[in-house]
Amino acid sequence: MSSRAPSIVTRLAAHALVYAVAASMLLPFLWMVSTALKTDLQALPREAAGESVTFLPPGWPWEWRWGNFADAARAVSLWDFYQNSLVAAALTTLVAGVHNALAGFALAKFRFRGQRAVFWLVMSTMMLPVQVSFIFAYIAAGRLGMVDNIQALVVPFAVSGFGIYSMKQAIATVPDSLLEAGRLDGMSDLELFWHVVRPIAWPTIAALGIFTFVASWNSFFWPLVVVDSVHSKTLPLAVAELSAGRYVQSWPVRMAAMTILTLPLIVVFVIFQRAFVRGVAMAAVKE
Amino acid sequence: MRGRSASPYLFLAFPVAILTVFTVGPTLLGLALGFFDWSGSGPARFVGLGNYRSLVHDSRFWPALRNTLVFVLLSVPPSVLAGFLLATIVQARWFVGRTLVRTALFLPTVVSIIAVGVVWRWLLDSAGGLLPRAIVGVGFERSPDFLQGGPIASWLPWLSWPMVSLIVIQVWRTAGYCMVLYLAALSGVNESLYEAAEVDGATRVGVLRNVTWPEVAPMTAFLMVTGVIGGLQVFDIVWAMTSATETDSTVTLNLYIFREFQQSRLGYSAAIGGVLFALTLVTTMLQLRVMRRNAA
């Protein structure tokens, strides 16, 4: 940012500082994975294993016990939880992607009665804390037959105020002349949305999609309220119980389960990180 | 498109229905419920301000409110400031490894805190955690109990060790997010401003304080406000770290709301929700005021 580069010492110190912070972000994950590969005895502090205390670094697994992952998958019906999380997150992303975009299109490119009211309804939902609404949202879900099933994890998030607002902002940049031209070609509004609006707004739709997926995948409070039985538990709920020692006692096996939970999301993030970061930044900068 | 058509209504019917049924409606009913006594079945009994009056004398509510405010005040400004400083370094032309650092720092934002919380708990646990062992290992007589301990000092009765742990983890978790957003804001700052400051002989720190910081003020306001709102509603991390060992020194508003809900004291739960709502509203109004001042 400055045309005068600082001295080499300053530059080195700055790099060291930032890399140290970055390492602190990575270490818990590395530790999780390395512990997941250890035997129970290795994972214990050495003192407990009858040796003197050596605490740091967490230590390399001497013999890699890949079996922990199999144990984890066996002990905890991880695959079921996985499926629930994946289905819920994918469905939410898909349904919300379509509806947020359509609602954003309506608000950005149409003039109609009640527009202001709808806009303020959408805006207001962004600042309403879920802790006030969850009791009656839970009751509403129950009335609609959506307790303790996947629908309960999807339908309440089928749109979001934040999503609609972001889409409205993005679609507002689509030139009206393009829409008029499409109109003259005899396109219906839905065709206009698909052939004109969608391609132009795609970066926002994609960024929002990743955002929605991660939020759904990690969501905890609402599933905790609305899910009771094992068959519709999502991964975070299972992990919370797992960490409390509900399914397995062995720490390496628990860590293996945590690894199975987090690794796919880390991979997805690393692949899509540009879109993801841009999406998050875009939403904030527009504020 | 100004033509009359049914399309906007069709496009908005479902979204408006969802927002009404699952957010706006339940919020209004939830606020109203704060004035009732209700167990979830049977008739609700109107108690007026009864629930709120009970809150005043509730020995659990005050710690929850205090812990929540302490959490917000001690976690939001440090992570915003850390994000700013990190961004100014990472954004410099001479910085090597920008993408790598950005990925690493953003990771905690993406990964479930429930899973990462387990690692943190293992790190901090008094029975065999790494940090307590390390502290004893380097010669201290005993380590503080990071997850269940009392106040960190007798003159700081409102700040317990578990709160310190939660705050540190929250800063750890959100600093990277702040950095990424500051990077976006910094890329929009006009280079000539820096050059002008240099011509005027400003020091590096002077440029940072008098040019960079004011230029990214809107982002700072955004991060502060969303950080405060998120912090007021904190739940996951508190649950992950302390749900097994919950005490008055770790309970937060949101956790207390959930506990009362579990006990079927829905009216009381809703009244605490009303307090949280008021705090959020005040924050939002401050945000609007700040944004208006920035726009002017």
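**A buried lysine, its partners and the chain interface**

Lys109(A) is buried, with a relative accessible area of 6%. In this predicted model, the side chain of Lys109(A) forms a salt bridge with that of Asp176(A), with an N to O distance of 2.8 Å. Lys109(A) belongs to helix H4 of chain A and Asp176(A) to helix H9 (residues 176-184), so the pair ties together parts that are 67 residues apart in sequence. Asp176(A), for its part, is partly exposed, at 33% relative accessible area.

Helix H4, which spans residues 78-109 of chain A, also holds Thr93(A). This threonine counts as buried because its relative accessibility, 18%, is under the 20% cut-off. A polar atom of the Thr93(A) side chain sits 2.6 Å from the backbone oxygen of Ala89(A). Apart from neighbours within four places in sequence, Thr93(A) is in contact with Gly209(A), Thr212(A) and Phe213(A).

Returning to charged pairs, the total over all chains is 7 salt bridges. Side chains of opposite charge can pair when their charged atoms come close. Another of these pairs joins Glu241(A) and Lys233(A), at 3.4 Å from N to O; Lys233(A) is buried, with a relative accessible area of 6%. In chain B, the side chains of Glu260(B) and Arg265(B) meet in a salt bridge at 2.6 Å, again N to O. Here Glu260(B) is buried, at 5% relative accessible area, whereas Arg265(B) is partly exposed, at 42%.

Among the contacts in chain A with a separation of 6 or more, 76% are between residues 24 or more positions apart. The accessible surface of chain A is about 13,100 Å², and carbon and sulfur atoms account for 67% of this area.

The two chains meet through 102 residues of chain A and 94 residues of chain B. Between them, an area of about 9,200 Å² is buried, with 78% given by carbon and sulfur atoms. By class, the side of chain A that touches chain B comprises 76 nonpolar, 15 polar and 11 charged residues.

Notes:
Residues numbered from 1 in each chain as written. Chains lettered and ligands numbered in written order. Predicted model: local features only at pLDDT ≥ 70, side-chain atom pairs only at ≥ 80, totals over all residues. Heavy atoms only, no water. Contact = heavy atoms within 4.5 Å. Buried area = accessible area lost by both parts, 1.4 Å probe. Nonpolar A, V, L, I, M, F, W, Y, C, P; charged D, E, K, R; others polar. Areas by Shrake-Rupley, 256 points an atom, 1.4 Å probe, with all protein chains shown as cover. Helix = DSSP H or I, 4+ residues; strand = E, 2+ residues; numbered from the N terminus. Buried < 20%, exposed > 50% of the residue type's maximum accessible area, 1.4 Å probe, protein only. Polar contact = N/O pair within 3.5 Å; in protein donor to acceptor, adjacent residues only side chain to side chain. Salt bridge = Lys/Arg side-chain N within 4 Å of Asp/Glu carboxyl O.
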